[in-house]
Amino acid sequence: MKKLRLLYLPIEDVEGGQRARRKIFADMVQEGRLQALEIFSYVIYGRENGWKLMCQKIYELARDFQADAIYWQGVWYDGPLDEDILAKIKSLPSKPAICNENGDPFGNFWVVPYPKSLLSLNKFTDVCFNAGLGRAAEYFKKKGAKHVYLLPHGYDNVSFGDAIPEKTNYKNDLVMIANQWKSRRPLASAPGAKTRPLLIEALQEEFGNRFALYGKGWDKFSCSRGPIDFFEQTNAYTSSRVAIGLPQFSDIDYYESNRPFNSIATGTPYVSGYSSKFDEILKDGLHCHYFKTPQEAVDKVKWLLSLPDQQRMEMGKKAAEYVRAHHTQRHRMEILITILEEVWSHKHLNTNFPEPITSFLAQ
């Protein structure tokens, strides 16, 4: 298989912010998995120089680097993409395999509309990797995306470590990390935004000060502990007997954020709001524990807390080992690179276009 010269375009506000993917690809070069790597933090450049110049810079980099593959991560900003330049990138003599990866959920015109820049990019990619399918994939295809493949979020072991933390001192029985979602559009509300306050009320009533809620916008709740830094969340999980979460868009097939993976990987049993078909990735009662109503959430948390600490810890440890063995960001990038290799072969050697890789589905 062709070893690719990869141009990686990370979405980051600070140079180096995508620490996991940067390290993964650097490791792949060292291992001989990739032939060469070029990284361009396009958002920072675009904000400083304008979006048209940003697109031109990407074209020049892809041309001069002779990229075999281009991985454009996320497009979640206000600036438009120049479709004429995108067409020039796609038509380079090196015929690069081009993919983008979108990890964000979107609603409709009134509720978190799809960015126009993302829709523009999708038309010029060979594969659009998305963290959800269903209505999201249907919409991308309607707007010109040719192939939409599922690529769920994964555990960031680069940032949070390879070892399952030891649990020695519990500060709380239950922890939840979530921000209150607010829209600037009147009457707009994501499904999870409507349900979260009801869930928090039920949990606060049942568990009182044994329930710790971290995140922005929950000041009216006595259980609120205020915002928490993203890279500090592991400490909040490991100091609690049980963790709980609720996705914002449970109506997108297979969609979830990285929170279930990052939480489960700590060894803390995770109670999760049910998201359509996500139980095909993490199994109910084995890797996590799903609920559909606030009362069902309360009941599942009470059941987990009723177990002896050692039994509950062993349950959490097994789930953590599974996530670390099957659901790290390295696993996801292996899928992405393999698909890009096969797209390159399709373009240069007239092989069949690759089928989706679904090794993340639970057996």
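A residue counts as exposed when its relative accessible area is over 50%, as buried when that area is under 20%, and as partly exposed in between. Keep these cut-offs in mind for the tour of this predicted model.

**Stop 1: two loop residues**

Select Gln-66, in the loop between α3 and β3. Is Gln-66 buried or exposed? Its relative accessible area is 53%, so Gln-66 is exposed. Check the backbone here as well: phi of Gln-66 is near 55°, a positive value in a residue that is not glycine.

Now select Lys-95, in the loop between α4 (83–90) and β4. Lys-95 also has a positive phi, of about 45°, and is not a glycine. With a relative accessible area of 39%, Lys-95 is partly exposed.

**Stop 2: the sheet**

Show the strands next. What is the order of the six strands in the open sheet? Reading across, the order is β2-β1-β3-β4-β5-β6, and the pairing is parallel. At the edges are β2 (36–39) and β6 (148–150), each of which pairs on one side only. From one strand to the next, the twist averages 20°.

Strands of a sheet are held in pairs by backbone hydrogen bonds, and the pairing is either parallel or antiparallel.

Start with β1, residues 5–9, which pairs with β2 in the parallel sense over four bridges. Select Arg-5 and look across to β2: Ala-36 stands opposite.

Move to β4 and β5, a parallel pair with four bridges. Select Asn-102; its bridge partner in β5 is Asn-130. Keep Asn-130 selected and look towards β6, where its bridge partner is Leu-150. β5 and β6 pair in the parallel sense over three bridges.

**Stop 3: the two sides of β5**

In a regular strand, side chains alternate between the two faces of the sheet. Show the side chains of β5, residues 127–130. Which residues of β5 point one way, and which the other way? Val-127 and Phe-129 point one way, while Cys-128 and Asn-130 point the other way. All of these residues are buried.

**Stop 4: helices lying across the sheet**

**Stop 5: α2 and α3**

Two packed helices are described by the angle between their axes and by the distance between those axes. Select α2 (residues 42–49) together with α3: the axes come within 7 Å and cross at roughly 135°. The two helices are therefore oblique to each other. The crossing of α2 and α3 is right-handed.

Show the side chains in the contact. From α2 these are Tyr-42, Val-43, Tyr-45, Gly-46, Arg-47 and Asn-49, and they meet Trp-51, Leu-53, Met-54, Lys-57 and Ile-58 in α3. By class, the contact of α2 with α3 has seven nonpolar, two polar and two charged residues.

Which residues of α2 are buried? They are Tyr-42, Val-43, Ile-44 and Gly-46. What covers these buried residues includes β1, α3 and β3. After α2 comes Gly-50, whose phi is positive, near 95°.

**Stop 6: α1 and α13**

Now select α1 (residues 19–31) and α13 (residues 329–349), which pack at an angle of about 60° with their axes 10 Å apart. These helices, too, are therefore oblique to each other. The crossing of α1 and α13 is right-handed. On the α1 side, the contact is made by Ala-20, Arg-21, Ile-24, Phe-25, Asp-27, Met-28 and Glu-31. On the α13 side, Gln-329, Arg-330, Met-333, Glu-334 and Ile-337 take part. How do the residues of this contact of α1 with α13 divide by class? Six are nonpolar, one is polar and five are charged.

Finish on Arg-330, in helix α13. Which residues is Arg-330 in contact with, leaving aside neighbours within four places in sequence? The contacts are with Ile-24, Asp-27, Met-28 and Glu-31. At 23% relative accessibility, Arg-330 counts as partly exposed. To end, draw a distance from Arg-330 to Tyr-270: the two are 60 residues apart in sequence and 22 Å apart in space, C-alpha to C-alpha.

Methods. Residues are numbered from 1 along each chain as its sequence is written. This is a predicted model: local features need pLDDT of at least 70, side-chain atom pairs count only at pLDDT 80 or more; totals for chains, interfaces and linings use all residues. Side-chain values use heavy atoms; hydrogens and water are left out. Axes are lines fitted to C-alpha atoms, for helices over the stretch in contact, and angles run from 0 to 180 degrees between N-to-C directions. Angles under 35 degrees count as roughly parallel, over 145 as roughly antiparallel, 65 to 115 as roughly perpendicular and the rest as oblique. A crossing is left-handed if the near helix is turned anticlockwise from the far one by less than a right angle, and right-handed if clockwise. Contact means heavy atoms within 4.5 Å. Ala, Val, Leu, Ile, Met, Phe, Trp, Tyr, Cys and Pro count as nonpolar, Asp, Glu, Lys and Arg as charged, and the others, Gly among them, as polar. Buried means under 20% relative accessible area, exposed over 50%, partly exposed in between (1.4 Å probe, protein chains only). Two strands pair if DSSP finds at least two bridges between them.
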